[in-house]
Amino acid sequence: MDDDSNRADMEKACAALGNIKTKYGVFYAYGNHDHGYFDGDRDFSVEDLAHELDNNGVDILVEDKTMISDNICIIGRHDTYADGRMPISVLMRYTEDSTYSIVLDHQPNDYDAEAESGVDLVLSGHTHGGHLFPTGYVGTLTGMNDRIYGHERRGNTDFIVTSGISGWAIPFKTGAKSEIVIIDITNQSDK
């Protein structure tokens, strides 16, 4: 979502997510534009978005986790700027060491805490891979983001930031390519 997204596009996006066929389901964590920054500028609310995601079988995880198998846990975090964001250490409580934990965290900016908490994999977007060169690097230089694109490993935690399929406000990118990322997780029982 973006602040200038309209209801028809939001509904199409939710339907597209609902049409993805997976073994364990489709999960969603809110980003910084999902609630909208400007009241009244969009023709739908975050409640409308949640309703459409739910109608399309997409599970929204907000400061919550769900076991999708005997040894895989998905954790969805609030956006960094949202009220009620919990420390990752709280969300990781009662997660067994033998459980493979995947965190959906829209903004890639809590790497140290996520690695310290024993998270296995963190998936982020937000930066659009750099979007417009060189502005994407400002976030890392100022400490707002830990990374703008790609894979990084800290301790036993893997972090992946995707550029996604679109940008923000401007309908083109000069600093990154559009992509859909497929991640194969193997050797889960070796943890």
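Predicted model: local features only at pLDDT ≥ 70, side-chain atom pairs only at ≥ 80, totals over all residues.
I began with the outward side of helix H2: the face turned away from its buried side carries the exposed residues Glu 47 and Asp 54.

Which residues of H2 are buried? In this helix, residues 46-55, they are Val 46, Leu 49, Glu 52 and Leu 53. I then looked down the axis of H2: the buried residues fall within an arc of 120 degrees, so they line one face of the helix. What do they pack against? I found helix H1 (7-18), strand E1 (26-28) and strand E2 (58-60) as the partners. I also checked what follows H2, and Gly 57 turned up there, with a positive phi near 75 degrees.

**Aromatic rings**

I went looking for ring pairs. To describe one, I need the distance of the centres and the angle of the planes. The count comes to two aromatic pairs. One of them is Tyr 28 with Tyr 30, an edge-to-face pair with 5.9 Å centre to centre and 85 degrees between the planes. Are these two buried or exposed? Tyr 28 has a relative accessible area of 14% and is buried; Tyr 30, at 9%, is buried too.

Then I turned to Tyr 111 and Phe 159. Their ring centres are 3.7 Å apart and their planes sit at 20 degrees, so I noted the pair as stacked; the cut-off for that is under 30 degrees.

**Glu 114**

I stayed in helix H4 and picked Glu 114. Its relative accessibility is 0%, so I put Glu 114 down as buried. What does Glu 114 touch, leaving out residues up to four places away in sequence? My list reads Arg 77, Ile 88, Val 103, Asp 105, Val 119, Val 122, Thr 157 and Phe 159.

**Gly 175**

My last stop was the segment after strand E8 (157-161), where Gly 175 is found. I got a relative accessible area of 31% for Gly 175, so I call this residue partly exposed. How far is Gly 175 from Leu 61? I noted 114 residues in sequence and 30 Å in space, C-alpha to C-alpha.

Conventions:
Residues numbered from 1 in each chain as written. Heavy atoms only, no water. Buried < 20%, exposed > 50% of the residue type's maximum accessible area, 1.4 Å probe, protein only. Helix = DSSP H or I, 4+ residues; strand = E, 2+ residues; numbered from the N terminus. Arc of directions from axis to C-beta. Contact = heavy atoms within 4.5 Å. Phe/Tyr/Trp six-rings, centres within 6.5 Å; stacked < 30°, edge-to-face > 60°.
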